[in-house]
Amino acid sequence: MTQVVEYHPATDPGAFSAQILGRELWDHQLAFARSKARYRVVCAGRQVGKSTTLSAVALFEATTRNNVTVLLVSAGEVASRRLLEECTSLALNSPMLSGSVLDDSKSILTLSNGSRIISVPASSRQIRGWPVDVLILDEAGFIDTEIWRAAEPAIIARPGSRVIMVSTPWGGLDHFFRDLWQRGMDRPDEHLESWHWPSTVSPLVDAALLERIQERESPEYFRREFLAEWTDEAGAYFTEAEIMSAVADYELIAPEDLVLPWIGDTYDQRYTVAAGIDWGFSRDANALTMVSVLEDYGQNQNRHGDNLIFYIPWLEARHNWNYADFIDRVVQSGKTYRYEILASEVNGVGAYPTQDLAATLQRQHVAGWVSKVWTDAKRKQSGFSKIKGLLQRGRLILPNHPELLKQLRALEFQQLDSGSTRIAVPERAGHDDLALSFMQSVSMVFPDFARRTIDTNLRLSLDRERPDPDDFVQTRNGLLVPRSPRPVAYMRNFAGWPEGAERGNTQW
Ligand SMILES: Nc1ncnc2c1ncn2[C@@H]1O[C@H](COP(=O)(O)OP(=O)(O)OP(=O)(O)O)[C@@H](O)[C@H]1O
Ligand SMILES: [Mg+2]
């Protein structure tokens, strides 16, 4: 005699789906629907019944408790509408739920018990502001982490609230969907549980058809869409050798320690730099990195001919400083070092401080064009690959600054299927402020213009401060750097507006 376990539709999603919605869930759908974990994450292939499962669970939650809000967030507009259509048609076909009403905007389904299922695209401002009992993210891998951060707090204060995420494998190592899914696979507990549903778990998906698709599609596409496997390559962006062979134990010279001749009523600002600024928010510091052309007194001419080498004369990151103080510090630093251009990020928190910086430079008559930059994947890709290229060619020297080196080592890349590369310090690895401000400054330099000319040679011969051979330090790849280095005097054309940047957007 087989033992029959009694499931009741009021307490069991499986029984609810079968008896109220008229749809028996498949085994893999049942395991997920019955899980008690507060966060449930599914990485799935095509056609395995994701939408069906999400609709059934949304209706179960909304039906079995009064006055709850289920928020469905989809990556796009169309997907969001389709998912609510699916819920609505399941509800209207059920005699018990036929009193449900879809609003005119087709984004809110209200049940007769006062519960609501709201469906919005991830771009919507409606993500904020609902008290949410069940938060469901469809195609979560395509939803920005910022949206997730905006949506998640809505559930934390609600007793018994739950989160569900389903997606095909998409998103880098530090994307919330991938991170949570991996954790739920590695260490499932009552808080978090994950599932892996390749398309083959569906009893409807036919193996012969899959084989035919596999023959005609690229292996990456097939692995991602049907086997539900991550296909990107990922790893450390810089090799240890690239970083360490470029490090020299030279002195970083703070702006206030830079020795300049006094001419008339001001300093002769002979040392020009390109600067990059990364504005911090809460955990992250505000960071400034200067890059310039190294005065090596011709010591590396055997290796580089007339090409000059870039280096970092000064960098600093300040935690717990407010923007105004940091801006004052940056402006003050521009009274000894001379800014040719300052690249300042305007996305994230940067818009206001960038404006304030430009205004303060102007007010205090400190030179420096402020280039408002938007840090996206493309800018990071081109900025960091420029650093990589310069390091490989021995055209860039790094200071022995533990935090900068740590951040450069922590940078990871992910090759995305779209052909682009994502570069970031994963959240677990700490800060990225110095690495980013360094990237901003390097993206402003023109290596082809950093050349020794007759003009610079003439200045060199006039320069009486040439250090002793003992006062040079060396990188592992054999470059010589004065222990207390200076930029090449009066050199200015090595930095400027990067290609593609809006020229003249802010100035002083
Ligand atoms: N429990 C079930 N019983 C019978 N049919 C089901 C069940 N679950 C899903 N299906 C059917 O399987 C097909 C795929 O389901 P669904 O659309 O939910 O999958 P999906 O993973 O969202 O697909 P896609 O990858 O295209 O978004 C549909 O025809 C659906 O009706
Ligand atoms: Mg679907």
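Met-290 sits in strand 14, which spans residues 286-293; strands (E, at least two residues) and helices (H or I, at least four) are DSSP runs numbered from the N terminus. The model is predicted, so local features need pLDDT of at least 70 and side-chain atom pairs count only at pLDDT 80 or more, while totals for chains, interfaces and linings use all residues. Residues are numbered from 1 along each chain as its sequence is written, chains are lettered from A and ligands numbered from 1 in the order in which they are written, and side-chain values use heavy atoms, with hydrogens and water left out.

Met-290 counts as buried because its relative accessibility is 0%; buried means under 20% relative accessible area, exposed over 50%, and partly exposed in between, with a 1.4 Å probe and protein chains only. Leaving aside neighbours within four places in sequence, Met-290 is in contact with residues including Pro-255, Val-273, Tyr-311, Trp-314, Ser-333 and Tyr-339. Contact means heavy atoms within 4.5 Å. The C-alpha atoms of Met-290 and Ile-118 are separated by 49 Å, and the two residues are 172 apart along the chain.

Ser-333 also belongs to helix 12 (residues 323-333), which packs with helix 13 (residues 351-363) at an angle of about 40°, the axes being 10 Å apart. Helix 12 is therefore oblique to helix 13. Axes are lines fitted to C-alpha atoms, for helices over the stretch in contact, and angles run from 0 to 180 degrees between N-to-C directions. Angles under 35 degrees count as roughly parallel, over 145 as roughly antiparallel, 65 to 115 as roughly perpendicular, and the rest as oblique. On the helix 12 side, Tyr-323, Ile-327, Asp-328, Val-330 and Val-331 meet Pro-353, Asp-356, Leu-357, Thr-360 and Leu-361 of helix 13.

Asn-320 counts as exposed because its relative accessibility is 78%.

The largest nonpolar core has 54 residues, of which Phe-384 and Phe-438 touch the most other members. A nonpolar core is a set of buried Ala, Val, Leu, Ile, Met, Phe, Trp, Tyr and Cys residues joined through side-chain atoms within 4.5 Å. Helix 16 (residues 433-442) gives the most to this core, with 6 residues. Not counting residues up to four places away in sequence, Phe-384 touches Tyr-237, Phe-238, Leu-411, Ile-423, Ala-435, Leu-436 and Met-439.
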